[in-house]
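Me: I am new to this structure. Please take me through it in short steps.

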Amino acid sequence: MSSIALLSQHEKQGLEIGRHIASQLDYRLVSMETLLEITAEQFQIPPADLAGVFKTKSLWQGRFSKKRTKFFACIEQQLCRLIADDRVVFVGYVGHTIFQEISHVLKVLVLAQPSSQAAADPTIKNWFMSVYQKDLEDPSLYDLTVNLAQLDVAEAGNIIINTMKHHKFAPMTYSMKCMCNLELSSQIKTMLVEDYPDVAVKSHDGAIYVYSSGFNRGKQKAALNTKQKLLRLEGVSHVEVHGDKKLFDSIACGQVR
Amino acid sequence: MKEVNILLLDDEPIVGQRLKSGLVKMGCEVETFENPVEAMARIAQKKFDIVITDVMMAEASGIQVLETAKKLNPAVKVIIITGYATAELAREAMDKGAYDMIAKPFTPADLRALVVRAMQELGVQVSAPPGE
């Protein structure tokens with residue numbers, strides 16, 4: 001089944017819409033808070049440390065902050081796991097970019113009711129820009145933008161439900177495989193990110209392509225060790241380790257983790 | 001068992017050859033084409049249950065084949081096979097009535113599994129395809 005990734009300028013309004021959708025479709029509602037709780041438990045990270053990724057500027061400033069990249073990789077991996085389970089409505093501010101290539105995940109932006117005078121939290125906006133180099137309120141990132149100026153929560157939720165029922169958002173073999181690939185890529189990124197903070201991973205049906213500047217020429221041992229480590233993973237049949245970003249970028253798997 | 005008619009279109013002859021034998025073993029009647037214009041002409045003459053088509057071809061795109069097939073027979077199951085899969089293409093194909101889409105490279109068994117599902121939805125009961 002399809003899933004929904006919803007980002008709301010006003011978190012409470014977004015959650016109300018998410019609750020409405022979940023109850024109408026018998027979907028699981030996953031809030032940002034729930035995602036962080038599950039991630040903290042799964043990866044044995046103190047919840048406050050994990051939440052700090054978004055709140056503490058020093059953690060997300062500096063492109064290759066090790067702590068940030070590790071925690072963030074864990075959060076994204078957990079979100080991929082949840083979305084891969086299907087029938088999920090996620091309300092939060094990660095995921096909208098990583099699921100761009102997953103056609104059965106409907107990406108929704110909800111603009112706040114004017115009376116709430118709520119634009120997106122500037123800290124989150126800055127964080128989003130820092131991590132994804134994109135404006136989180138850019139409508140081109142989403143499949144649907146819903147303005148609560150003239151709609152109540154139920155009306156907005158019903159518009160999203162009706163949009164999602166469209167055949168173009170239905171899962172298919174290709175999109176389900178993309179989701180499996182993304183899940184595996186995110187798992188591998190979490191494994192490697194502490195040692196290689198600039199790591200990027202692509203997967204295609206068990207073939208894994210990994211990039212890090214840490215695998216540049218002269219570091220063959222690191223590349224070989226990584227390759228051997230990944231080949232032991234279930235579902236991995238082929239591994240390529242690259243220190244050349246241009247070459248890595250030319251591998252078209254439709255996703256980068 | 002009702003005979004299932006399949007039209008298989010790919011401009012690379014090896015793809016049609018490779019996929020046809022497995023489908024025939026499943027009891028399907030399969031016609032292969034390399035030219036989309038010829039395939040569309042055949043679709044206009046004969047009612048196929050399943051159309052399997054590539055997308056990027058010189059004479060016409062697989063999306064045109066999909067539209068033609070659905071227009072002439074809304075019940076037809078059209079399976080898109082492509083080496084240029086994107087989310088945009090996936091949504092366009094589904095929007096225009098595709099049954100499913102699978103990215104190349106895939107194994108003949110992957111395609112057979114899809115065809116089995118399509119056949120079951122057409123009311124044809126089949127056992128697991130060879131090689132499963």
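Me: Which residues touch the most other members of the largest nonpolar core?
Reply: This is a predicted model. Its largest nonpolar core holds 113 residues. Those that touch the most other members are Ile4(A), Leu6(A), Phe90(A), Ile6(B), Val51(B) and Ile79(B).

Me: Where does the largest share of this core come from?
Reply: The share in question is nine residues. They belong to chain A and lie within residues 66-84. That element is helix 5.

Me: Which residues does Val51(B) touch, leaving out those up to four places away in sequence?
Reply: Val51(B) is one of the core residues that touch the most other members. With its sequence neighbours up to four places away not counted, the list is Leu7(B), Ile43(B), Val65(B), Ala69(B), Val76(B) and Val78(B).

Me: How many residues of chain B are in contact with chain A?
Reply: On the chain A side, 13 residues take part. They divide into four nonpolar, six polar and three charged. On the chain B side, the number is twelve.

Me: Why is chain A described as being as compact as a globular protein of its length?
Reply: Chain A has ten helices and eight strands. For its 257 residues the globule rule gives 18 Å. Chain A comes close to that, so it is as compact as a globular protein of that length, with a radius of gyration of 19 Å.

Me: What percentage of the residues in chain A is buried?
Reply: A residue counts as buried if 20 or more other C-beta atoms lie within 10 Å of its own. Chain A has 257 residues. The buried part is 44%.

Technical notes: Residues numbered from 1 in each chain as written. Chains lettered and ligands numbered in written order. Predicted model: local features only at pLDDT ≥ 70, side-chain atom pairs only at ≥ 80, totals over all residues. Contact = placed C-beta atoms within 7 Å. Nonpolar A, V, L, I, M, F, W, Y, C, P; charged D, E, K, R; others polar. Core = buried A, V, L, I, M, F, W, Y, C linked by C-beta atoms within 7 Å. Buried ≥ 20, exposed ≤ 12 C-beta atoms within 10 Å, placed from the backbone. Helix = DSSP H or I, 4+ residues; strand = E, 2+ residues; numbered from the N terminus. Rg over C-alpha atoms; globule rule 2.2 N^0.38 Å.
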